[in-house]
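Open the structure in your viewer and keep the selection tool at hand. Each stop below says what to select and what is there.

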Amino acid sequence: MSDPQDRKPFIDVPGDLPGIRSLFAFKPETGAALSEFAQTLLRGSSPLTPGERETIAAYVSSRNETYFCTQSHAATAAVLVDGGRDVIDAVIQDVESAAIDPKLRALLRIADKVRQSGLAVTPEDVEQARAAGAKDEDIHDAVLVAAAFCMFNRYVDGLATIAPRERAAYEQMGAVLATAGYVAAGAAPGSAPGAGEGDQ
């Protein structure tokens with residue numbers, strides 16, 4: 001994978017906006033719909049907490065090697081889960097040894113299978129999740145978050161959007177998204193008002 005800093009956006013997007021924010025500014029009508037979808041997906045009704053859903057988003061993004069989405073959702077998840085960034089970094093490094101709930105670990109395994117191919121998910125994967133306490137809606141929502149973030153990741157990387165390298169930029173995004181959400185922040189997945197200004 002090439003370093004995202006080595007790439008220039010493939011289309012003429014606003015130059016001061018990072019990641020998916022630039023694409024939402026480029027085409028606001030799809031940006032508004034996707035932002036609303038992200039709000040429902042990550043903050044709407046679910047047996048999975050916002051922190052768990054953000055953890056799945058960060059993990060799938062890391063496995064897809066999408067730097068911007070990994071860092072922005074890891075920063076958001078870190079605000080929302082016990083243990084903060086240390087736990088999220090441990091999940092990204094090795095989900096099997098991370099200090100997380102067995103149910104979340106089983107759902108992350110399914111999420112990674114979804115990332116590869118929906119057909120990679122097996123009945124055994126689902127049964128292991130059920131044995132760890134997952135119900136139908138837990139499994140449904142984990143698969144949906146994983147599938148959606150494959151789309152978001154490919155949208156961001158397929159158009160070579162800019163990904164700041166400064167961790168502080170992502171911490172700012174995460175702080176806003178964890179509290180204000182996506183639509184309220186006028187934001188996209190992995191963005192916040194003003195995020196990225198001066199970060200390029």
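Select phenylalanine 68. Its relative accessibility is 2%, so phenylalanine 68 counts as buried (buried is under 20% relative accessible area, exposed over 50%, partly exposed in between, with a 1.4 Å probe and protein chains only). This is a predicted model, where local features need pLDDT of at least 70, side-chain atom pairs count only at pLDDT 80 or more, and totals for chains, interfaces and linings use all residues. Residues are numbered from 1 along each chain as its sequence is written, and side-chain values use heavy atoms, with hydrogens and water left out.

The whole structure holds five aromatic pairs. In the pair of phenylalanine 68 and tyrosine 170, the ring centres are 5.8 Å apart and the planes stand at 65 degrees, so the pair is edge-to-face. Rings of Phe, Tyr and Trp (its six-membered ring) pair if their centres lie within 6.5 Å; planes under 30 degrees apart are stacked, over 60 edge-to-face and the rest tilted. Phenylalanine 68 sits in helix H4 and tyrosine 170 in helix H9 (residues 167-180), 102 residues apart. Helices (H or I, at least four residues) are DSSP runs, numbered from the N terminus.

Next, select Phe37, Phe149 and Phe152. These residues form one aromatic cluster.

Move to helix H1, residues 19-26. Six of its eight residues are buried: Gly19, Ile20, Arg21, Ser22, Leu23 and Phe24. What covers them? Show helix H2 (28-43), helix H4 (67-80) and helix H8 (136-158), which are among the covering elements.

Step back to aspartate 16, in the segment before H1. Aspartate 16 counts as partly exposed because its relative accessibility is 41%.

Last stop: select helix H3 (residues 50-63) and helix H5 (residues 84-93). Their axes lie 9 Å apart, at an angle of about 40 degrees. Axes are lines fitted to C-alpha atoms, for helices over the stretch in contact, and angles run from 0 to 180 degrees between N-to-C directions. H3 and H5 are therefore oblique to each other (under 35 degrees is roughly parallel, over 145 roughly antiparallel, 65 to 115 roughly perpendicular, the rest oblique). Show Thr55, Tyr59 and Ser62 of H3 with Ile88, Val91 and Ile92 of H5; these make the contact (heavy atoms within 4.5 Å).

Methods:
Helix = DSSP H or I, 4+ residues; strand = E, 2+ residues; numbered from the N terminus.
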